[in-house]
Amino acid sequence: QVQLVESGGGLVQPGGSLRLSCAASGFAFSRYYMSWVRQAPGKGLEWVSDISVGYGSRSYADSVKGRFTISRDNAKNMLYLQMDSLKPEDTAVYYCTNTGKGNFNNGVRGQGTQVTVSS
């Protein structure tokens, strides 16, 4: 069955960096758009970024553009999110999902990884 396992979260000071990873299994990873989404306390699910099947297209939410970088390694079935210049408002549980931006609410998600940005 489809399985997604996120890791790499933690506590970081404002301005710091984290790199999230997502290990995918149970489906043809290289054939799927993949996204990162997040959910802050008391808020709904927010799309953060997606990456196309062939690495050619990456999209970002305005709130993270210029600070976050999405990437994938199809040989390893891995998805990544490099997060730089982190802000307190980036605090959330981050999930990877096997959909693009247009369908991010309906994809399979893992258990998530907590990112907390605080001094």
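User: Are Asp90 and Arg67 buried or exposed?
Analyst: Happy to start there, with the cut-offs for this predicted model. Buried means under 20% relative accessible area, exposed over 50%, and partly exposed in between (1.4 Å probe, protein chains only). By that rule, Asp90 and Arg67 are both buried.

User: Which residue forms a salt bridge with Asp90?
Analyst: A salt bridge here is a side-chain nitrogen of Lys or Arg within 4 Å of a carboxyl oxygen of Asp or Glu. For Asp90, the closest N and O atoms of the pair are 2.7 Å apart. Asp90 sits in the loop between strands S8 (78-83) and S9 (92-97), while its partner's loop lies between S6 (58-60) and S7 (68-73), so the pair ties together parts 23 residues apart in sequence; strands (E, at least two residues) are DSSP runs numbered from the N terminus. The partner is Arg67.

User: What is the relative accessible area of Glu46?
Analyst: Glu46 meets Arg38 in a salt bridge of 2.8 Å, N to O. Arg38 is buried at 5%, whereas Glu46 is partly exposed, with a relative accessible area of 31%.

User: Which residues are linked with Arg38 in a network of salt bridges?
Analyst: Arg38 pairs with Glu46, and Asp90 pairs with Arg67. The network links Arg38 with Glu46, Arg67 and Asp90.

User: How many salt bridges are there by this rule?
Analyst: One of them joins Lys65 and Asp62 at 3.2 Å, N to O, and Asp62 is exposed at 67%. Residues are numbered from 1 along each chain as its sequence is written, and side-chain values use heavy atoms, without hydrogens or water. Local features need pLDDT of at least 70, side-chain atom pairs count only at pLDDT 80 or more, and totals for chains, interfaces and linings use all residues. The count comes to four.

Methods. Helix = DSSP H or I, 4+ residues; strand = E, 2+ residues; numbered from the N terminus.
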